[in-house]
Structure formats: C-alpha cells, structure tokens
Amino acid sequence: MIITPQIQGCVARNCHPIGCRAAVQQQIASVRAAGPFNGPKRVLVLGASSGFGLASRIALTFGAGADTIGISFERGPSDKGLGSAGWYNNIWFRQAAEQAGRIAINLIGDAFSDTMRQQAIETIRQQLGQVDLVIYSLASGIRVLADGTQVRSVLKTTGQPFSGWGLDLERDALVQQSLAPATPEEIRDTVTVMGGEDWQLWLQALQQADCLAPGAQTVAYSYIGPESTYPLYRDGTIGYAKEHLHATAETINLQLAQIGGHAWVSVCKALVTKASAYIPVLPVYLGLLMGVMKERGVHEGCIEQMQRLFAGKMYGPNGVVADGNRLIRMDDHELDPAIQAAVSALWPKVTPDNFHALGDFAGLRRDFMQLNGFELTGVDYGAPVDVASLTELIP
Ligand code: NAI
Ligand code: NA
C-alpha cells in the first residue's frame, strides 16, 4: 500500500508509519547531538505519544538515560485505517529505547480515568518502583468524569468577539476565522478539561500509593504568549484553563512538601502540534513567529525546547530556574521584545496573497506534515508500506 497524506482543514486523517519512525529517529539524533545531562532516571509521562510529551520522553531517555512509562490515547490499526501517528510514535520510541537498554512502557487509554491511574500505579510498582518525575502533557477536547459525565472544552474568546485570518492547511490558504465569546459554562467546562484538576488527582493518587520517590518533581506544560495573541489564548477559554493549571501548581507543591518534592509549570513557546494547529487564527501568528525566529537563529522545535528545558532549566547546573510563580519560562526567546516587534509589524500586513512571503508558512506546513510522518527526508514515499507487518506491532 502506498500512503499519501489526507488533510482535512487543520486535521490529518492519516499518517505514514514509516515516516513517523524517521521523525522519532530524528528527534533521538538531535538529543544525542546535544549531549548527555544528569536528569531523572524514572519518569511517568502523561500525553507521551506526540508533541511536547513525546519530545520530553525522548529528551529524558536519550539525554539522561531515563526509564519511562508513557500514557496516551491513540488508535491502532482497524478496518477504519492504519491508526494514528501517536500509535506508531509509541512503538518506534519503545523499540529505540529498548535498543538503548532502557525500559519504555506504553499504556494506551483514557488518562482522565481512575482505571488508568490504577494501571499506572501497578505498572510503576512492578517496573520502576517509584518515579522521580511526572510530566503532565495532555491536550484534549473532552474529559469523562468519574461519574460518566462528558465535559467538552471549547476554543473561544471572552469579552468581544475576535476575528482575523486563519490558516487552512488543507488548501494552504488563509481564511477568515472568528472566535465568539464563551459563556460562563463554556469557560468552566474548558477549565475542567484543560485546567489542573486532573493533574492534582494524578499526583494525589501517586503519592498515596507511595509511587513518588523522595524529592520527586512534576511539571505541566502551559502557554501565555504575547499581548497580541491574548484574545486568542490568554483571555480565551484555554487561557482560563491555564491560569487554573498555574494555581494548581501551588497546591500540588504544598502536597509534595511531605516528600521534599516540587511542582512546576513550564511555559513553552508556540509550536506546531496536533493540538495547536487546531486553535483558530493562532497558526498565522505561528507562521510569522517561525519566520522571525529562524531569521534570528533562535528557532526551536518541540525537541529543542524539551532538551533545553530538562538539560538547562530543570536538571542543569543551577537546578530549577523558575520565577516566583513556579513558572519555568521556556518562552523567553519568543517573548523577546525585538522578536515581538518584528512579528507585530508583519501581522497587520498579512493577506491571502502575500502570507508566504511574510512568514515561514512553508516551514509550518512541513512541520505539520512531519507530525504525521510525511515529508521527512530519507523516507521513500513511493515504496509500498507493508501493512500486515505493521498490524502485528504492539505498543
Ligand atoms: P499533542 O496533541 O501533540 O499531544 C497531546 C497528548 O495527549 C497526546 O499524547 C495524546 O495521546 C494525549 N491525550 C489526549 N487525550 C488523552 C486522554 N484522554 N488520555 C490519554 N492521553 C490523552 O499536544 P501538545 O501541543 O504537545 O500539548 C501538550 C501540552 O502542551 C498541552 O497542555 C498544551 O496546552 C501545551 N502547550 C502546547 C504548546 C504548543 O504550541 N503546541 C505551547 C505551550 C504549551
Ligand atoms: Na504531548
């Protein structure tokens, strides 16, 4: 079978499993090139199969020799298709980690459920004893509560409606997009799905089960962004959820004091992932930002961000480098005033005819395709993929 990309709007409908392997290998090579660092040896990653979670796992295993348990919600092969990119990322990561002599276990299922918490606790006890670090990197549009209630997050603004050019990845074109103001219920629901409550439930359960090593740390990923994006993000429903996440870091930190541990939030830079491509209007900011940051030689992808987070700002010579609010600022380069001034000068000039000339939308598009295993160098996309052998792989 020859696999060609199927993109619908801002969502990839398929993936190229062999290309996903090349993408995981590229990330491993980048971590190896950056050199080893003295990091945690036993790590639990929630949201391990793509984006920042996958990059974290790769950085810690191949940079610091960590054994990991990764939890994710992914689809395997079925009569509906070959399965999701994250499904294959899990498989290729595990194979590479095991080849390097590391433990890598993938748990597939709903991380919001108590069943998964129990499964993780049992797996930690059997395989790792305890963990030194818990990474919270879930991005989801829905959370099923313990009583079965389904809560959905929305991507809306608050106050006034906001509209602007958005990116249609399917047609490589700009389209008008708008964000309506959320109702109070929509804000509350988005906080329930993407805020800190579930993070806290995880740390409570792990601590009660004695699965956290003395001095264990936890970090969750957040975004703030520049003022120009506040209507899209910080003052939007997702921004409220992130505020809740930041506040929860204080609560978890108090709880972890019992074992000498700490909770942090890493405020990351804007990057192309499955989750961020879906936020209205934001990808236009992202394309402009990528252009400016590449021009100035400070661009980072997911793997470079996570390598710098762990090697430089969490487990480096100065220990954890955070501000007074428990925030580790990985968005330092993005928020550099010179970079933001350059982006802000370009943004009002963007039209459907000139956007490719003003920003790095080709780079953004390539990153998006590569998340799904397409457009990687060294992969022969003309060669048929052996579906039968892929179907036999288990996470
Ligand atoms: P992603 O979509 O690449 O990864 C999300 C992960 O969560 C996947 O591994 C997925 O399988 C897992 N997941 C989703 N629902 C699940 C469930 N019910 N049970 C188990 N696993 C589940 O997203 P990305 O961008 O890596 O996001 C991770 C975190 O980083 C989010 O909190 C996001 O807000 C944050 N972040 C993202 C930025 C960006 O520009 N992409 C910037 C700053 C922060
Ligand atoms: Na992730």
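A residue counts as buried when its relative accessible area is under 20%. Keep that cut-off in mind. Arginine 326 has 13% relative accessibility, so arginine 326 counts as buried.

**Before you start**

The structure on screen is a predicted model. Colour the chain by pLDDT. The mean is 97, and 100% of the residues reach 70 or more. For the complex, the predictor gives an ipTM of 0.98 and a pTM of 0.98.

**Stop 1: arginine 326**

Select arginine 326. You are in the loop between α9 (302-314) and β13 (327-329). Now show the side chain of tryptophan 264 as well. The charged end of arginine 326 sits over that ring, 4.3 Å from its centre.

Check the backbone too. Phi of arginine 326 is near 70°, which is positive although the residue is not glycine. Most residues other than glycine have a negative phi.

**Stop 2: another arginine over a ring**

Move to tryptophan 92. Which residue lies over its face? Select arginine 21: it is placed 4.9 Å from the ring centre of tryptophan 92.

**Stop 3**

Select residues 131-136, which make up strand β6. How many of its 6 residues are buried? The count is 6 of 6, so the strand is mostly covered.

Find leucine 46; its bridge partner in β6 is tyrosine 136.

**Stop 4**

The model holds 7 aromatic pairs. One of them joins phenylalanine 52 and tyrosine 221. Show both rings. Their centres are 5.8 Å apart, with 55° between the planes, and the pair is tilted.

**Stop 5: tyrosine 223**

Select tyrosine 223. UniProt lists Tyr223 under "binding site", in an unreviewed entry. Tyrosine 223 lies in the loop between β11 and α7 (237-256). Is tyrosine 223 buried or exposed? Its relative accessible area is 8%, so tyrosine 223 is buried.

**Stop 6: salt bridges**

Side chains of opposite charge can pair when their charged atoms come close. In this model the count comes to 15 salt bridges. Three of them are worth a look here.

- Select aspartate 360 and lysine 294. Their side chains meet in a salt bridge at 2.6 Å, N to O. Aspartate 360 is in the loop between α11 (355-358) and α12 (361-371), while lysine 294 is in helix α8 (residues 282-295), so the pair ties together parts 66 residues apart in sequence. Aspartate 360 has 17% relative accessibility and counts as buried. Lysine 294 has a relative accessible area of 36% and is partly exposed.
- Select arginine 308 and glutamate 300. They form a salt bridge, with the closest N and O atoms 2.6 Å apart. Arginine 308 and glutamate 300 are both buried. Together with Glu300 and Arg308, they are linked in a network of salt bridges.
- Select arginine 329 and aspartate 331. Here the closest N and O atoms of the salt bridge are 2.8 Å apart. Arginine 329, at 26% relative accessibility, counts as partly exposed. Aspartate 331, at 2%, counts as buried.

**Stop 7: residues 323-385**

Select residues 323-385. An unreviewed UniProt entry lists this span as "domain: Enoyl reductase FAD binding". The end C-alpha atoms of the span lie 49 Å apart. Its make-up is 40% helix and 5% strand.

**Last stop: glutamate 375**

Finish at glutamate 375, in the loop between α12 and α13 (387-392). At 40% relative accessibility, glutamate 375 counts as partly exposed.

Definitions and conventions
Residues are numbered from 1 along each chain as its sequence is written. Chains are lettered from A and ligands numbered from 1 in the order in which they are written. This is a predicted model: local features need pLDDT of at least 70, side-chain atom pairs count only at pLDDT 80 or more; totals for chains, interfaces and linings use all residues. Side-chain values use heavy atoms; hydrogens and water are left out. pLDDT is the predictor's confidence in each residue, from 0 to 100. A salt bridge is a side-chain nitrogen of Lys or Arg within 4 Å of a carboxyl oxygen of Asp or Glu. Helices (H or I, at least four residues) and strands (E, at least two) are DSSP runs, numbered from the N terminus. Buried means under 20% relative accessible area, exposed over 50%, partly exposed in between (1.4 Å probe, protein chains only). Rings of Phe, Tyr and Trp (its six-membered ring) pair if their centres lie within 6.5 Å; planes under 30 degrees apart count as stacked, over 60 as edge-to-face and the rest as tilted. A charge sits over a ring if NZ of Lys or CZ of Arg is within 6 Å of the ring centre and within 35 degrees of the ring normal. UniProt positions are given in the numbering used here, feature names are shortened, and annotations may be inferred rather than shown by experiment. Two strands pair if DSSP finds at least two bridges between them.
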